[in-house]
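Have the model open and follow along.

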Amino acid sequence: MSADTATDVFEEHRPLLLGVAYRMLGRVADAEDAVQDAWLRWSAADRDVVREPRAYLVRVTTRLALDRLARIKARDEAYIGPWLPEPYVTGFGDTVQDTAERAVLAESVSLAVLVVLESLSPLERAVFVLREAFGYPYGEIAAVLDRSEAAVRQLAGRARRHVEERRPRYEVDPVQRRELTERFLAAAAEGDLAGLMELLAPDARLVGDSGGKAKAPLRVLESADHVGRFLTGTARKGVADLSFRLLELNGGPAVLALSGGKPDSVLQIDVADGRIQVVYVLRNPDKLRSLAV
């Protein structure tokens, strides 16, 4: 295999590798680093003996991500306030035509699911991602992780039960979520408390992630009243030279707020029964760097 062909093969599989690494790590920069390390392994490998490049690359990327997970867990022990995954630009609407496949991919990368995945062991997380998000057979996952198929099935069962017990049930209709996102943005930007209260479920929550590096609640806000008053209070204080962009992040519509053209925060909502159940506000500047372009 020539160097040019090897590069083409790797680039063909890069979106898959990045998708696996991000779901395992919850961070764009760490996922990109894992994929870059996979490229170094691939470029140095004896590619003539690699029968299935896709399987080889997924195996290498998964193992590199597993190595990184231990370091990330230690780093997060000192995290200030609630933790949310780093926002990930998906754009499934343009790349995934099948509705069922899109729904699976969107849910597997959603903020709600990624937060639940944080509580799995590294091996459980790897099995869940490969099996539930990408549909890998148990035998192939066993080869990736160098475990028996029986052990992988046990890991998959535990991970699935854990996620099912803790995963909130939100509606994923992209049209409804986008409509509510636009209405939410208009009411929040205008400081319209009455308008927000019409959109928020009575037991709505707001989860803010600043990492202690920006202004955001250090605890989860509970109830529509607390969430609405926080948002209207924030609107009254104002942000200099504020503008907004709607884009698709983590499989759903989101709002990118910019101050002077630079990312200031990301807002995203989860919806059930036509009302907003959760508002995510991400303001940690370290997690917004990938959105600067």
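## Aromatic pairs

Searching the whole structure, which is a predicted model, turns up 3 aromatic pairs. One of them joins F10 and W39 in an edge-to-face arrangement, with 5.2 Å from centre to centre and 65 degrees between the planes. This pair ties together distant parts of the chain: F10 belongs to helix α1 (residues 3–25) and W39 to helix α2 (residues 28–44), 29 residues apart. Why call it edge-to-face? Because planes over 60 degrees apart get that label, and here the angle is 65 degrees.

Are the two partners buried or exposed? F10 is buried, at a relative accessible area of 0%, while W39 comes out at 22% and so counts as partly exposed.

Next up are Y22 and Y88, whose ring centres are 4.2 Å apart with the planes at 20 degrees, so this pair is stacked. Again distant parts of the chain are linked: Y22 is in helix α1, and Y88 is in the loop between α3 (53–76) and α4 (92–95), 66 residues away. Y22 and Y88 are both buried.

Here are those two pairs side by side.

| Pair | Centre to centre | Angle between planes | Type |
|---|---|---|---|
| F10 and W39 | 5.2 Å | 65 degrees | edge-to-face |
| Y22 and Y88 | 4.2 Å | 20 degrees | stacked |

## Around F10

Back to F10 in helix α1. Which residues does F10 touch, leaving aside those up to four places away in sequence? The list is L17, V35, A38, W39, W42 and L57. W39 is thus both a contact of F10 and its ring partner. As for V35, its C-alpha atom is 9.9 Å from that of F10, and the two residues are 25 apart along the chain.

## Helix α7 and its neighbours

Now move along to helix α7 (residues 122–133) and helix α8 (residues 138–145), whose axes come within 10 Å and cross at roughly 140 degrees. That angle makes α7 oblique to α8, and the crossing is right-handed. On the α7 side the contact is made by L123, A126, V127, L130 and R131; on the α8 side by Y138, I141, V144 and L145.

From α7, the residues involved are L123, E124, V127, F128, R131 and E132. They meet V152, L155, A156, R158, A159, R160 and V163 of α9.

## Positive phi without glycine

Which residue has phi near 60 degrees, despite being other than glycine? That would be D146, found in the loop between α8 and α9 (149–166). D146 is exposed, with a relative accessible area of 61%.

S223 is another non-glycine residue with a positive phi, of about 90 degrees. Look for S223 in the loop between β2 (221–222) and α12 (224–237). Its relative accessibility is 23%, so S223 counts as partly exposed.

Key:
Residues are numbered from 1 along each chain as its sequence is written. This is a predicted model: local features need pLDDT of at least 70, side-chain atom pairs count only at pLDDT 80 or more; totals for chains, interfaces and linings use all residues. Side-chain values use heavy atoms; hydrogens and water are left out. Rings of Phe, Tyr and Trp (its six-membered ring) pair if their centres lie within 6.5 Å; planes under 30 degrees apart count as stacked, over 60 as edge-to-face and the rest as tilted. Helices (H or I, at least four residues) and strands (E, at least two) are DSSP runs, numbered from the N terminus. Buried means under 20% relative accessible area, exposed over 50%, partly exposed in between (1.4 Å probe, protein chains only). Axes are lines fitted to C-alpha atoms, for helices over the stretch in contact, and angles run from 0 to 180 degrees between N-to-C directions. Angles under 35 degrees count as roughly parallel, over 145 as roughly antiparallel, 65 to 115 as roughly perpendicular and the rest as oblique. A crossing is left-handed if the near helix is turned anticlockwise from the far one by less than a right angle, and right-handed if clockwise. Contact means heavy atoms within 4.5 Å.
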